[in-house]
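This report is written for a reader who is meeting the structure for the first time. Please view the sequence and the structure together before reading on.

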Amino acid sequence: MDEKEKLPTGGKRLKRNRRGLLIAALCVFGALIIGFGAVCFAASSSTAILRGVRLFGIDFGGMTVEQAARELEADIVQGDCAGARFCVDEGHEVFKSYAQLGMTLDCEQSAQALYAYGREGNLLQNGWQYIFARGAEIKPVWNIDEAHMKKTAHEIANELTYAPVDFSCAADETGLYAIKPCNGQTFPADEVIEACETQLCSGEELSYVIETQTPAQEPQKSDYPALLEQVRKEFAEPCVNAGYDKETDSILSEKVHAEFNLDDAIAKMDAASGGETVCITQNVEYPKVTAAELKQVLFRDVLGTYTTKVGGAPGRHKNVQLTASRIDGFVMNSGESIKYGELTTPFTLENGYFLAPMYLKGKTVDGAGGGACQASSTLYAASILANLEIVQRINHGFASDYIGLGLDATVAEGGPEFEVRNNTDYPIKVQAIFETRKGKDYITVNLLGTKTDGTYVKIRTEVLSTTPYEEEIVETDELAPGAREVEQTPYTGYLVKTYRQVYSGDGKLISETFEATSKYNARNRIIKVGKSAESVSGEVPITEGDVDPTVIDWPTNQPPTMEPPIEETETPGWLMN
């Protein structure tokens, strides 16, 4: 048989093979259909949740609805770790449980949702879900209290929102500190609610990070040397207590003194994190009185007070009143002083003063400003009683009849000067009051400050010696024969020492310090007698101003406080006022 005769036989065999493959494929497909149908039937007839069906990442496969509901109740609703985490960075994070967010899981409905997977569609859909159920994540069913969620969202936003931090520097008793700047953070409440309603309600684990930032005025690294050098210069100023500014009627802030190495400070700032507080140095001198403290005690107490009676001619009364007005309200901050002459001189008519009797080179003359030293003397006595430091003080040439021995202070243009320094830690205000009581004029000086203890001061005077005055008779043609007239009133001379005694609040003597030596010159009594009189002997009546200060009933005060240096003075006998 040749080749042509064999072809038909081979073709029939090929057709038979193709037919067999087709039948086999149909059989396999049929088996698959039958198997898939069996799977679908098994899925629809099972009372358990399909294997691999998950909620919150937990596989509930094989559980009944009741079992799944109990599991959800125990692990999700009551679990301490069930909730959401909100953060802006590693250092700022807030965790809230579902209950705190106003979200309550409906365990029954969520369990039904788990069971419904693979059973809600047609037979083919259910079978397909059954086969590919592993890893299927079901959405939880929530009951949401919208008002509660909104309130909590705002709390989260407030907790995670913070302002940008700029570079700043401040000091306290422990050291000088600088804050390295950093950006701020805004955490919107609306985004918290949106995250809860989308991610949490979808069943996803929520760790929500916000990226909205508010820039700070952050200096570049190269700026720190200049900034810290500025800080170094600022704190290089001497330490000063808080004070008072009369012009603005406001409290002046205290000044802190601090020293630090600039290179070390720069290195510390470079190594710090944003927003971190860096201690630049502990070498700080901090003031004793801060502005906050001073505000509570400013001019609270009377430290010292003294009153003297004003006498003499009407012009003298006006001069005392004028000098009182010129020192009234003067404020000495801690360490500052009051110079009486700077505030009251020149004693001229052009400067508002009146003519009144005064002493010049031992003689009584009418001059502008007579009596102007009564205010300075009253201020001196009040200053001792306030225990302040007396920087300069000169006594009069003759003892004054308005104040006790050793308590007067004379002042003239160009010198001598009277100066008192505030040696307390608090501001002191001078209050000078000129007043009329029962037809008599008085000047009172109060020193207002802040008492820190119960001590008070008394003044002790010791008369070391006296120099009696003599009487001189001068004949004159100006008077009728035998007529007599006092031309010059007399004064006894004195050498006096004064002491400052400091007492405790319960009346015990703490200390006694020497205050000053005062030397008062004697002045003779001069009587003019008309010539041709047979005798010039006899008594001449004392006239106004002809007074020996040893018989004066000196004003005494019983005030308060502190402790100054020793001063010894001796006055030339040419000036008294």
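## Surroundings of Asn-422

The side chain of Asn-422 comes to 3.4 Å from the backbone oxygen of Asn-333 in this predicted model. A polar contact of 2.7 Å also links the side chain of Asn-422 to that of Thr-424. Asn-422 itself belongs to the loop that runs between strand E24 (419-421) and strand E25 (428-437).

Is Asn-422 buried or exposed? Asn-422 counts as buried because its relative accessibility is 0%. Apart from neighbours within four places in sequence, Asn-422 is in contact with Met-332, Asn-333, Ser-334, Gly-335 and Glu-336, and also with Pro-427 and Ile-428.

## The chain as a whole

The protein chain contains 12 helices and 33 strands. It has 577 residues, of which 43% count as buried. The accessible surface of the protein chain amounts to about 30400 Å², and carbon and sulfur atoms account for 51% of that surface.

Of the contacts in the protein chain between residues at least 6 apart in sequence, 76% join residues at least 24 apart.

## Confidence in the model

The protein chain has a mean pLDDT of 82, with 75% of its residues at 70 or more. Residues 3-7 have a pLDDT below 50, and this stretch has 1 contact in the model beyond near neighbours in sequence. The pLDDT is also below 50 over residues 540-576, a stretch with 135 contacts beyond near neighbours in sequence. Where pLDDT is low, predicted coordinates should not be read in detail.

Notes: Residues are numbered from 1 along each chain as its sequence is written. This is a predicted model: local features need pLDDT of at least 70, side-chain atom pairs count only at pLDDT 80 or more; totals for chains, interfaces and linings use all residues. Side-chain values use heavy atoms; hydrogens and water are left out. Helices (H or I, at least four residues) and strands (E, at least two) are DSSP runs, numbered from the N terminus. Buried means under 20% relative accessible area, exposed over 50%, partly exposed in between (1.4 Å probe, protein chains only). A polar contact is a pair of N or O atoms within 3.5 Å; within protein, one must be able to donate a hydrogen and the other to accept it, and residues adjacent in sequence count only if both atoms are side-chain atoms. Contact means heavy atoms within 4.5 Å. Accessible areas come from the Shrake-Rupley method with a 1.4 Å probe; for residues, only the protein chains shown count as cover. pLDDT is the predictor's confidence in each residue, from 0 to 100.
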